[in-house]
Amino acid sequence: MREDLLHFIWKTNKLHSQQLTTTKKERLSILSTGQYNLNSGPDFFNSKIEIANQLWAGNVEIHLKSSDWYAHGHETDDNYDNVILHVVWEDDIAVFRKDKTEIPTLELKDIVPEKLLLGYKKLLQNSKKKFINCEHDLETIDGFLIDNWLERLYIERLEEKSRLIFELLNASNNDWEKVLFSMLLKNFGSKVNGKAFLSLSESIDFSIVRKLQNNYVSLESVLFGMSGLLEKEECYDVYHKQLKKEYAFQKTKFKLNDLGVERPDFFGLRPNNFPTIRLSQFAVLYAKNKNLFSKLISYSEAKDYYDLFDITAGDYWKNHFTFGKESKSSSKRLTKNTIDLILINTIVPLKFSYAKSLGKDISGDLISLMRNLGAEKNSIIKGFDEIGRKTKSAFSSQAKLQLYNNYCSTNQCLKCAVGSFLLRGNH
């Protein structure tokens, strides 16, 4: 037995049709299950019950065993003084408030419908052998319920992403341009070098970036130099020497310190994703665009974003991937897929956070934008596609990633709209 099932039983009032009594054999009626609490404190606030014809209003706490009350230290916690009912699977000890009054207890083990227990067992059985627990029942779920749940999941994902943005905003003294710089640089590093590129952004005062924006070579030299990409000693490449000299000048001028910058990795990356190419593209983006944050905030159409991010690495990199080694000439342009990932992981979360800081809700507009972007491709999205729910846009892929990572992979079925629906037996 798991406590989340007991929460589900109480929250959905699965016992409403039964004649209930407390462990003291007093008649119990549930008038309102109350508000589910996801934070610290009792599990349900503002519940209303009737015990032996006496009306009670207060909080409800749920445990597997009554003795968990003491195991969790509730007897000394003021937050639990207003608990009016203790709901447990097994009653193994009497429980008292701080004032020594006994808390009424409702024991569930002999009154929960067998059908509900079997349904819960079926939902979670052999979970390790499945992609997700409900994969054989997913196609039976009404599309309207799925769509509403995906929208809630996507907003939940944006809220999670906004936490880092507000942390960066606080660290930058509310400089949104600096936050954009950090988030974009992290995104340009992708999964392999995202952390290293973020450490680079945190080690550069953004006022320096503003001063260097008019000179692409100067900006690139600082990005490369602080990342340790100019440390190659035996390199007789003219451009490498130029950048190294420029970085030495800028390092002295601005008292740059690269001690906190993680070194980017080349291993396992395709050449077009090498940190040299990505940092050059990033330098070009900033050299071409002053007040980039204001531009991006004002855009609403996907085409505007694609036009802005239609950039290539600097001229030197047309026939290089690393210093001193020529390659076949090719335009190192940001691909549509890369731009989509920038929009998904940086621009949309940033716009969401900025609107939130102003007390505005633009989630509907952002969802519309995300529906016009291509779906991400990874093993999780492939798994959903294989069980019949095709992923057609970035909105769906982001929502499904949130669903899988926060619910499916951790067996949080009862917190999921689909799992709750299936367990209610409505399909």
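Modeller: Helices (H or I, at least four residues) and strands (E, at least two) are DSSP runs, numbered from the N terminus. This is a predicted model, in which local features need pLDDT of at least 70 and side-chain atom pairs count only at pLDDT 80 or more, while totals for chains, interfaces and linings use all residues. Residues are numbered from 1 along each chain as its sequence is written, and side-chain values use heavy atoms, with hydrogens and water left out.

Biologist: In which helix does R152 lie?

Modeller: R152 counts as exposed, at 53% relative accessibility; exposed means over 50% relative accessible area, buried under 20%, and partly exposed in between (1.4 Å probe, protein chains only). The helix that holds R152 spans residues 143–171 and is α4.

Biologist: How many salt bridges are there?

Modeller: A salt bridge is a side-chain nitrogen of Lys or Arg within 4 Å of a carboxyl oxygen of Asp or Glu. By this rule the count is 13.

Biologist: How far apart in sequence are the parts that E151 and R371 tie together?

Modeller: E151 forms a salt bridge with R371, and their closest N and O atoms are 3.5 Å apart. E151 lies in helix α4 and R371 in helix α14 (residues 363–371), so the pair ties together parts separated in sequence by 220 residues.

Biologist: Which residue forms a salt bridge with E159?

Modeller: E159 is partly exposed at 29% relative accessibility. In its salt bridge the closest N and O atoms are 2.6 Å apart, and the partner is K356.

Biologist: Where does K356 lie?

Modeller: K356 is partly exposed, at 38% relative accessibility. E159 forms a salt bridge with K356. The pair ties together parts that are 197 residues apart in sequence, because E159 lies in helix α4 and K356 in helix α13 (residues 336–357).

Biologist: What is the distance between the closest N and O atoms of D175 and R210?

Modeller: D175 counts as partly exposed at 22% relative accessibility, and R210 is partly exposed with a relative accessible area of 39%. D175 forms a salt bridge with R210, and the distance between their closest N and O atoms is 3.4 Å.

Biologist: Is T276 buried or exposed?

Modeller: T276 is placed in helix α10 (residues 275–288). Leaving aside neighbours within four places in sequence, T276 is in contact (heavy atoms within 4.5 Å) with F224, L229, F266, W317 and F321. At 2% relative accessibility, T276 counts as buried.
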